[in-house]
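Work through the exercises below with the sequence and the model side by side. Try each task before reading its solution.

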Amino acid sequence: MISVLTRVATVALGGLLVTSGLAGDNISEKARKLHFSSIVVDTHDDTTQLMLDPKFDLGARQPKGSIDIPRMREGGLGAIFFSIWIPSKVTGPTAVQKALQQIDAVREQVRTHPKDLVLATTAEQIRQAHKNGKIAALMGVEGGHMINSDLGVLRKYTALGVRYMTLTHSGNDEWADSSTDKAVHSGLTDFGKNVVREMNRLGVMVDISHVSDKTFYDALEVSWAPLLASHSSCRAICDAPRNMSDQMMKDLAAKGGVIQINYHVLAARGVHENHRTHRPRCPSCGDRSRRAGLRF
Ligand SMILES: [Zn+2]
């Protein structure tokens, strides 16, 4: 299931690559044709935060952010992974509770927009949604801290529809090092390796966006399923720790993995918004801004 789902994700990335190779050759028409004949998959979207507001309606065109059903339709989006995210510093039972609130918020948006959305957990369900003229809604947990070092919690998230988990966010977990924190585990701990094995068994994709290089290589060695970088960028273009080197991308691809590139304009410029001061901070492109529903 994972490899099939990964191939669907490849369609989206492949579209971008082919598009870039057509520069100057009637790109708009060809790109449009390719885009709207593909199942376009967004593997990381941060709109979930907005859904926690009971007044938020995904079906209405929103004044901020990038995602709502009208614009998903106009943009030809076929499937979207809504990110379940809380900061790395929020841990323990609180982290689990907040993750469950967000999972519920996504599921409620799907339930209340049955003409447009359908919950999907497999590649086949994405294809079926596409055939039925609906957008497939999926979920990814962004940060292993949200399982509270409990594989049972991971299994509960899976039962509720989560189909990838990013091993860390910007801070270390109790069992994995992040690319933007001081390494304390030398990659994955023994428990962290068991988390990866359990994700493999459950059919939950192992997302290595945000993790340290050593965590990436540990996961690459342990995981029998291809890895996913749900929202990383390229160090060769922007040298930020949470982006991937060319060698890492080659090693990822050699085991069937996929990198999905951040394309938000701030990421492309190599800046992002400082969460507290609103001033640009460089060079951390590829990191997120949770403000205004930006998609990092
Ligand atoms: Zn992120």
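The model is a predicted one: local features need pLDDT of at least 70, side-chain atom pairs count only at pLDDT 80 or more, and totals for chains, interfaces and linings use all residues. Residue numbers start from 1 along each chain as its sequence is written.

**Exercise 1. The whole chain**

Task: State how many helices and strands the protein chain has, and what share of its residues is buried.

Solution. Step 1: helices (H or I, at least four residues) and strands (E, at least two) are DSSP runs, numbered from the N terminus. The protein chain has 11 helices and 10 strands.

Step 1: a residue is buried if 20 or more other C-beta atoms lie within 10 Å of its own, exposed if 12 or fewer, and partly exposed in between, with C-beta atoms placed from the backbone. Of the 296 residues in the protein chain, 43% are buried.

Step 2: two residues are in contact if their C-beta atoms, placed from the backbone, lie within 7 Å. Among contacts with a separation of 6 or more, 66% join residues 24 or more positions apart.

**Exercise 2. The nonpolar core**

Task: Find which residues touch the most other members of the largest nonpolar core.

Solution. Step 1: a nonpolar core is a set of buried Ala, Val, Leu, Ile, Met, Phe, Trp, Tyr and Cys residues joined through C-beta atoms within 7 Å. The largest has 62 residues, and A79, I80, I135, A137 and V206 touch the most other members.

Step 1: take I80 and leave aside neighbours within four places in sequence. I80 is then in contact with D42, D45, M72, I135, A137 and L138.

**Exercise 3. Strands around β4**

Task: Which strands pair with β4, and in what sense?

Solution. Step 1: two strands pair if DSSP finds at least two bridges between them. Strand β2 (residues 77–84) pairs with β4 in the parallel sense over six bridges, and A79 has A136 as its bridge partner in β4.

Step 1: strand β3 (residues 117–119) is parallel to β4 and joined to it by three bridges. The partner of V118 in β4 is A136. From β3 the chain reaches β4 through helix α6 (residues 123–131), in a right-handed β-α-β crossover. A crossover is right-handed if, with the strands pointing away from the viewer, the path from the first strand over the helix to the second runs clockwise.

Step 2: β5 pairs with β4 in the parallel sense over four bridges, with V141 opposite M165. The β-α-β crossover from β4 through α7 to β5 is right-handed.

Step 3: check burial. Eight of the eight residues of β4 are buried. I135, A137, M139 and V141 point one way, while A136, L138, G140 and E142 point the other way. In a regular strand the side chains alternate between the two faces of the sheet.

**Exercise 4. Helix α8**

Task: Which residues of α8 are buried, and where do they lie around the axis?

Solution. Step 1: the expected span of a helix is 1.5 Å times one less than its number of residues. For the 13 residues of α8 (residues 190–202) this gives 18 Å, and the end C-alpha atoms are 18 Å apart, which agrees.

Step 1: G192, V195, V196 and M199 are buried in α8. They cover an arc of only 95° around the axis, so they are on the same side of α8; the arc is that of the directions from the helix axis to the C-beta atoms.

Step 2: the cover over these buried residues includes α7, β5 (162–166), β6 (205–207) and α9 (213–222).

**Exercise 5. Loop residues**

Task: Is M244 buried or exposed, and what is the phi of N148 and of S149?

Solution. Step 1: M244 is in the loop between β7 (228–232) and α10 (246–254). M244 counts as buried because it has 25 C-beta neighbours inside 10 Å.

Step 1: N148 is in the loop between β4 (135–142) and α7 (151–159), and S149 lies in the loop between β4 and α7. N148 has a positive phi of about 55° and S149 one of about 50°. Most residues other than glycine have a negative phi.
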